[in-house]
Amino acid sequence: MPMPMTMRKRISPIRWIGTLAPVLLALLPAPSVAAQSLQPADWDDRIRLREAADLNPDPRIVEVNFEARVATVEIAPDLEVEAWTYNGMIPGPLIRVGVGDRLIVHFTNNLPESSTIHWHGLRIPIEMDGVPGYSQPPVETGESFTYDFVVPDAGIFWYHPHVMSAGQVGFGLYGGFLVEDPTEDETVGVADDLVIVLSDIDLNEQGELASPDTGGSVGMLFGREGNHVLVNGRQMPNLVARAGAPQRWRLVNAAKSRYFMLDLGEGHVFRKIGGDGGLVEYAEDHEFLVLGAGERADVIVRPTGEPGGELLLRSLLHDRGYGSTEFRDFEDLIAVELADMPPYSGGPLPETSREIQPYDTEGATEVSLRLTVAQDPSDKTFEYGINDVPFWKAQPVLAELGETQIWTVENTTAWSHPLHLHGFFFLVLDENGDPVRPLEWKDTVDIPFEDSVRLAVRFDERPGTWIFHCHILDHAEGGLLSAVHLDLPVSQFKNMLEH
Ligand code: C2O
Ligand code: CU
């Protein structure tokens with residue numbers, strides 16, 4: 001009921017608020033309370049990634065120095081390796097920015113070869129995409145290049161070189177890239193958050209980096225996996241967990257060929273709330289979580305068991321084709337120690353959701369891509385291709401600014417291929433005709449052997465030649481790579497020339 005003016009005057013503003021507060025509180029949604037840590041203080045001390053020092057005082061600009069160089073790193077208590085690193089560490093420094101922030105990376109290459117940095121999954125201008133010959137010249141030994149862009153999407157991404165990628169990534173050049181969205185403090189509500197970069201490294205008997213060509217053409221055909229699996233650069237690091245308390249893990253598969261099939265043991269699930277490009281349409285529980293090379297996942301886990309006990313995060317055997325499950329064993333990834341403290345008995349795990357509007361595919365251009373492999377009859381070497389053509393003979397797929405395309409990707413080979421497109425997100429429409437839900441923005445989509453997957457992609461206003469390739473990096477170098485040439489519609493182009 002409105003109060004008469006005279007009465008209102010006699011009530012001080014403070015009293016006004018005091019009187020109305022209970023009413024307002026009942027009407028308004030609950031105020032946002034930042035989630036609190038539920039873990040013991042040192043829970044992630046032995047696994048946490050180091051971050052790059054931000055040299056810029058502006059809170060919306062992160063400015064860092066990256067130096068690629070050979071350095072000795074410790075991957076286990078008694079195992080040191082001379083590897084290729086960013087700033088002397090494997091993985092390279094974790095980049096942590098807010099969505100919409102500007103990132104400036106002063107990159108200096110002190111490796112014995114040329115290099116670049118590709119920002120995997122980020123929708124940034126072509127000049128910043130890090131592919132020599134398409135977006136920038138290679139950065140030669142002793143030279144520098146500055147990457148400078150605004151980060152458009154929240155999610156877990158990563159970075160790696162795009163010169164001799166199988167070799168350079170395999171030698172240790174990769175890092176995590178976390179783009180935070182502050183509204184998720186409330187919607188996800190899990191404060192204990194950890195970036196986990198999975199990878200492997202191949203060492204010879206002398207404990208040195210093995211040649212990236214081991215096994216010759218057959219090694220390429222399968223995709224070379226390292227013989228030491230690493231988690232945040234270490235063999236089986238420890239993580240402390242309070243039983244019953246949820247943790248948020250942002251997982252990156254930075255291995256050059258290996259797939260991971262994660263398992264946290266009996267009674268545990270991975271609640272997948274996000275994937276390559278931020279939150280997914282709705283959260284879904286997975287008993288096992290498969291990540292192909294280059295893929296990411298944002299999951300909530302709730303370790304349970306007796307305080308003082310231990311759980312093991314393992315990778316089981318995912319079948320990506322002949323040789324991936326035969327004569328092989330599970331890999332131990334993380335020893336999860338249950339803290340000696342009373343278990344946490346909180347409510348249910350968060351139910352996140354995000355509205356993802358499927359593209360209007362009416363009138364979309366159909367593109368058909370077969371992933372192929374062939375053997376040279378004379379020298380018996382293998383060569384991968386797209387529509388029977390390896391990248392060195394490929395003609396780019398043509399696309400116009402703003403165009404929507406539907407890609408039907410048919411894998412005719414005997415091995416799975418995680419297909420990665422630079423600069424844009426896919427929406428997976430269906431796999432072997434079955435619709436795929438929940439919807440997820442993907443930049444790397446596993447195309448299982450002998451399967452067919454349909455993808456929708458919308459090209460926006462960032463012209464350029466954007467490559468796509470298998471993220472088993474040996475396969476990419478063995479031919480499984482092509483490009484999208486994105487430009488003005490031809491009619492508009494002609495118009496420009498005439499006027
Ligand atoms: Cu993750 Cu072409 O790259
Ligand atoms: Cu492949």
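# Copper site and open sheet

Q: Which is His-475, buried or exposed?
A: This is a predicted model, in which local features need pLDDT of at least 70 and side-chain atom pairs count only at pLDDT 80 or more, while totals for chains, interfaces and linings use all residues. Side-chain values use heavy atoms, leaving out hydrogens and water; residues are numbered from 1 along each chain as its sequence is written, and chains are lettered from A and ligands numbered from 1 in the order in which they are written. Buried means under 20% relative accessible area, exposed over 50% and partly exposed in between (1.4 Å probe, protein chains only). The relative accessibility of His-475 is 0%, so His-475 is buried.

Q: Which residues coordinate the copper ion (ligand 2)?
A: Donors are N, O and S atoms within 2.8 Å of the metal (3.2 Å for Na, K and Ca); water is not among the atoms, so sites may look incomplete. Their spacing along the chain is H-x52-C-x4-H. At 2.0 Å, the ion is coordinated by His-417 (ND1), Cys-470 (SG) and His-475 (ND1).

Q: How many residues apart in sequence are the parts tied together by His-417 and His-475?
A: Helices (H or I, at least four residues) and strands (E, at least two) are DSSP runs, numbered from the N terminus. His-417 belongs to strand S24 (residues 417–421) and His-475 to helix H6 (residues 473–477), so the separation is 58 residues.

Q: Which strands stand at the edges of the open sheet of 6 strands?
A: Two strands pair if DSSP finds at least two bridges between them. The order is S10-S9-S12-S17-S14-S15, with mixed pairing. A single partner strand leaves one side without a neighbour in the sheet for S10 (228–231) and S15 (278–286).
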